[in-house]
Amino acid sequence: MKKYINSGNIDTRSGFGAGMDELGKTHENVVALCADLTGSLKLNDFEKNHPERFFQTGIAEANMIGMAAGMTIGGKVPYATTFANFATGRVYDQIRQSVAYSGKNVKICASHAGLTLGEDGATHQILEDLGLMKMLPGMTVINTCDYNQTKAATIAIADHEGPVYLRFGRPSVANFTEKDGKFEIGKALHLLDGSDVTIVATGHLVWEAIKAAEELNENGISAEVINIHTIKPLDEEAILNSVKKTRCIVTCEEHNFLGGLGESVARVLATNDPAPQEFVATHDTFGESGTPAELMEKYGLNTKSIIEAVNKVLTRK
């Protein structure tokens with residue numbers, strides 16, 4: 001069984017910051033807009049090195065989206081950045097009308113997503129953003145798993161024509177993907193081979209899925225692990241090929257099971273090759289204040305919960 005090594009815990013938002021600094025040097029049309037959260041989005045280096053291409057909009061997210069949409073008309077590639085709760089829920093109308101409907105080349109980059117925002121509590125812990133964004137026609141939706149992948153995705157979307165929602169997080173998490181690896185939008189990453197069950201994970205739960213597969217393997221259960229970094233367009237072929245072999249699947253996400261990755265996978269199975277599925281996700285609930293580890297434990301978003309879901313889905317084969 002292939003082993004993945006954590007090179008050291010680091011926050012995914014720092015991967016975004018590193019990617020932006022690199023883009024500043026290589027893509028002259030990339031500009032950054034920030035809603036009074038420069039430090040939190042790790043944009044300090046971009047602002048320092050490219051001040052003429054950095055725009056501080058203040059706490060005015062709706063205006064920021066409108067500005068970004070306008071900048072595309074002049075050929076700029078704007079990265080509009082803030083916390084995920086503000087980047088989607090607060091400005092959904094502006095995104096729908098000025099970006100998605102208008103087909104503008106805006107990159108909406110959202111930090112502090114999900115429960116792992118932690119102590120700031122339920123008002124900031126958005127768990128419905130993937131659903132909001134994936135339902136918009138033409139919107140590409142990406143949810144990265146670690147520092148390296150976030151940096152690579154940040155750079156890759158600059159060359160993608162059309163609106164993108166890029167989601168990442170606040171806490172330090174395992175960094176285990178290939179350094180300077182290629183990021184291909186819409187192409188799942190096959191991490192581990194298995195024959196008994198498919199585990200499809202996104203974001204922070206990819207590392208938890210790897211740990212779960214290792215523990216399951218020690219107990220005689222062969223788990224296949226797939227990293228779905230792109231929620232839309234979804235790599236349906238990768239999912240169907242795996243389930244054809246394993247005949248059951250567990251989906252894992254730091255998001256409400258309503259509207260997230262799990263529902264997209266369920267649609268693929270229902271219309272192509274039905275198979276038992278279990279969901280590791282939050283279940284129609286808001287979060288609360290606590291440390292990321294405490295919240296992931298309470299809401300069932302960790303290695304233990306994935307193993308429990310695998311054992312349950314195996315009884316349904």
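I'm working from a predicted model here.

**Aromatic pairs**

I went looking for ring pairs and found five aromatic pairs in the structure. I started with phenylalanine 16 and phenylalanine 168. Their ring centres sit 4.8 Å apart with the planes at 25°, so I logged the pair as stacked. Where are the two residues? Phenylalanine 16 is in helix α1 (residues 12–26), while phenylalanine 168 is in the loop between β7 (164–167) and β8 (172–173), so this pair ties together parts that are 152 residues apart in sequence.

Phenylalanine 16 has 0% relative accessibility, so I put it down as buried. Phenylalanine 168 comes out at 3%, so that one counts as buried too.

Then I looked up phenylalanine 83 and phenylalanine 86. They make a stacked aromatic pair, with 6.0 Å from centre to centre and 15° between the planes. Phenylalanine 83 is buried because its relative accessibility is 10%. Phenylalanine 86 is at 14%, so I count it as buried as well.

I also noted one aromatic cluster formed by Tyr4, Phe176 and Trp207.

**Asparagine 175**

I moved on to asparagine 175, which I found in the loop between β8 and β9 (189–192). Its relative accessibility is 7%, so it is buried. What does its side chain reach? I traced it to the backbone nitrogen of tyrosine 147, at 3.4 Å. Setting aside neighbours within four places in sequence, I listed the contacts of asparagine 175: Ile5, Asn6, Ser7, Gly8, Ile10, Asp146, Tyr147 and Asn148.

Key. Residues numbered from 1 in each chain as written. Predicted model: local features only at pLDDT ≥ 70, side-chain atom pairs only at ≥ 80, totals over all residues. Heavy atoms only, no water. Phe/Tyr/Trp six-rings, centres within 6.5 Å; stacked < 30°, edge-to-face > 60°. Helix = DSSP H or I, 4+ residues; strand = E, 2+ residues; numbered from the N terminus. Buried < 20%, exposed > 50% of the residue type's maximum accessible area, 1.4 Å probe, protein only. Polar contact = N/O pair within 3.5 Å; in protein donor to acceptor, adjacent residues only side chain to side chain. Contact = heavy atoms within 4.5 Å.
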